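Please look over the structure below with me before reading the notes.

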Amino acid sequence: MIDYIAISGSLENRIIEYVDHLHEHFYDPVVIKNGAYMPPSMSGYSITMKEQSLEDYSFPDGIIWKDEVLAK
């Protein structure tokens, strides 16, 4: 989206990566409509992660990493 808004002003020959499996970790996950990112509904860049996700996935003390170590 930043390319369209601030750099080229063009949607021609652009591709996006859609990572649906990560949406559960964000307060305001991105929305894709007709193959394009929609502007966020909240202020900012839709990058604010939920505190619980940050805690769970923090390395090396997050529960996800601890479970990984215990599984080995």
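How do the residues of the lining of the largest pocket divide into nonpolar, polar and charged?

1. The lining of the largest pocket has 15 nonpolar residues, three polar and one charged; here Ala, Val, Leu, Ile, Met, Phe, Trp, Tyr, Cys and Pro count as nonpolar, Asp, Glu, Lys and Arg as charged, and the others, Gly among them, as polar. The volume of this pocket is about 470 Å³, and among its 19 lining residues Val30, Tyr37, Tyr45, Ser46 and Ile47 are the closest to its centre.

2. This is a predicted model, in which local features need pLDDT of at least 70 and side-chain atom pairs count only at pLDDT 80 or more, while totals for chains, interfaces and linings use all residues. Residues are numbered from 1 along each chain as its sequence is written, and side-chain values use heavy atoms, with hydrogens and water left out.

3. The C-alpha trace of the protein spans about 50 × 25 × 20 Å along its principal axes. Of its 72 residues, 8% count as buried (under 20% relative accessible area, with exposed over 50% and partly exposed in between, for a 1.4 Å probe and protein chains only).

4. A search of the whole structure finds one aromatic pair. The ring centres of Phe59 and Trp65 lie 4.8 Å apart with their planes at 85°, so the pair is edge-to-face (centres within 6.5 Å and planes over 60 degrees apart). Phe59 counts as exposed at 63% relative accessibility, whereas Trp65, at 36%, is partly exposed.

Definitions and conventions
Phe/Tyr/Trp six-rings, centres within 6.5 Å; stacked < 30°, edge-to-face > 60°. 1 Å grid on protein atoms, 1.4 Å probe; cavity = no way out; pocket = protein on both sides within 12 Å on 5 of 7 lines; lining within 4 Å. Points joined across faces, edges and corners; volume = space filled by probe spheres on them.
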